[in-house]
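Subject: Structure handover

Hello,

Here is the structure you are taking over. My notes on what was found in it follow below.

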Amino acid sequence: FLEEGIRQAALSFPANTGLCADNIAPRAIARSSQPAILALIALFIAFEESREWCQVVNLVLIVLLPKTDVGRRLIGLFPTLIRIWMRARIWAPRKWERAHAHEAMFAGPDMGAQKASWQEAYAAEAANLGGSEHAQALLDLVKAFETVPHWVLAEAAKLKGYPKTILRLSLAGYRLQRTIGVDGVYSRTIVATRGITAGSGFATSELRVLMLDLVIALQARWTRIIITKVYVDDLTLSVTGLPQFVIRVLAEAIDFAVHVMEDAMLMQVSAKKSKVVASKPSIAQAVVLATSSDRTSSTKIAKLLGTDAVGRARRSTVGF
């Protein structure tokens, strides 16, 4: 069973996937002999028991991939040995995710960003048809993957029953030496002491561990008043009702969310990317003025969970 799991994990990688400095294609592992696969399994068990990786895989290449809109995204290319282990062990974090599924947490089977966006668009249109006002706060973290404090993640994982064996070795992988490459030119090696490397098989699950408490706290404080949506590191809060009610409640929720993310999670909310849209521009502006966190600005058009959310007079719609 374990042998077949390793082979299936290796075959799940695309044939043209990027390679680390070891220059070993993950799919090549699937063609290894039975003794070789069994030896690899023994290595994985030894790594998990020792909670660290061996020196021969102590290098992660950080590459900059172009974004669809502007700029570049940092992606970590782990050694093939680590990537195979992550893919073979992904069932454990996925099991945890299913056990801790939440209607507000997206990014998973049948829980994509477009679904969340359409739900938010429906809420905005329903408010319009009902003669109510509607406002949305779109909060984004600054370099979320790169700035996660390891000890904060470890504490949150412990409280939520996240697989500790997986997390320990995953964090050890994040603390391997790394070098950043641009057009084939690489920097000196450094060791990061915070952050979960984008490109890790567990990165989104680990960020989910951090965001889950915030979602639960928001819904506990504003039961059936605040609509909350989280997609990876993007948080959307929306409120429907009379103008003054919308302004007051959404401003309070923004301040609370910013407080938790910055003071408890020790991460920074982006003042540049965090926006407020509303059925009327004046309401969006009033929400921003009512907040004390100074992390949001009003706008008529903003991205909602990776898609285009457009706030117009008396409605907020979604387009693709």
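Strand E3 (residues 105–106) runs parallel to strand E8 (residues 227–231), and two bridges join them. In this pairing, methionine 105 stands opposite valine 230 of E8. Please keep in mind that this is a predicted model.

E8 also pairs with strand E9 (residues 234–241), here in the antiparallel sense and over five bridges. Across that pairing, isoleucine 227 is opposite serine 238 in E9. E8 and E9 form a hairpin with two residues between the strands, and valine 232 takes a positive phi near 60° there.

Nonpolar core

The largest nonpolar core contains 87 residues, and Leu235, Leu237 and Met261 have the most contacts inside it. Helix H10 (residues 243–264) is the element that gives the most to this core, with 11 residues. In soluble globular proteins, nonpolar side chains tend to be buried together.

What does leucine 237 touch, leaving aside residues up to four places away in sequence? Its contacts include Ala135, Gln136, Ala137 and Leu139, then Leu218, and also Ile226, Ile227 and Thr228. Leu250, Ala253, Ile254 and Ala257 are also on the list for leucine 237.

Salt bridges

Glutamate 120 and lysine 229 meet through their side chains in a salt bridge, at 3.8 Å from N to O. This pair links distant parts of the chain, with glutamate 120 in helix H5 (residues 113–129) and lysine 229 in strand E8, 109 residues apart. Both glutamate 120 and lysine 229 are buried.

Arginine 248 forms a salt bridge with glutamate 252, and the closest N and O atoms are 3.8 Å apart. About one helical turn separates arginine 248 from glutamate 252, because they are four residues apart in helix H10. Arginine 248 is partly exposed, with a relative accessible area of 45%. Glutamate 252 is partly exposed too, with a relative accessible area of 37%.

Arginine 295 and glutamate 262 also meet in a salt bridge between side chains, at 2.9 Å from N to O. The pair links distant parts of the chain: arginine 295 is in the loop between helix H11 (281–290) and strand E11 (297–298), glutamate 262 is in helix H10, and they are 33 residues apart. Buried or partly exposed: which applies to glutamate 262? Glutamate 262 has a relative accessibility of 19% and so counts as buried, since buried means under 20%. Arginine 295 has 22% relative accessibility and therefore counts as partly exposed.

The protein as a whole

The protein has 11 helices and 14 strands. Its C-alpha atoms fill a box of roughly 70 × 40 × 35 Å along the principal axes. A compact globule with 320 residues would have a radius of gyration near 20 Å, and the 22 Å of the protein agrees with this.

Of the 320 residues, 49% count as buried. The protein exposes about 15,800 Å², of which carbon and sulfur atoms supply 57%. Among contacts with a separation of 6 or more, 70% come from residues 24 or more positions apart.

Regards

Conventions
Residues numbered from 1 in each chain as written. Predicted model: local features only at pLDDT ≥ 70, side-chain atom pairs only at ≥ 80, totals over all residues. Heavy atoms only, no water. Core = buried A, V, L, I, M, F, W, Y, C linked by side-chain atoms within 4.5 Å. Buried < 20%, exposed > 50% of the residue type's maximum accessible area, 1.4 Å probe, protein only. Contact = heavy atoms within 4.5 Å. Pairing = 2+ DSSP bridges. Salt bridge = Lys/Arg side-chain N within 4 Å of Asp/Glu carboxyl O. Rg over C-alpha atoms; globule rule 2.2 N^0.38 Å. Areas by Shrake-Rupley, 256 points an atom, 1.4 Å probe, with all protein chains shown as cover.
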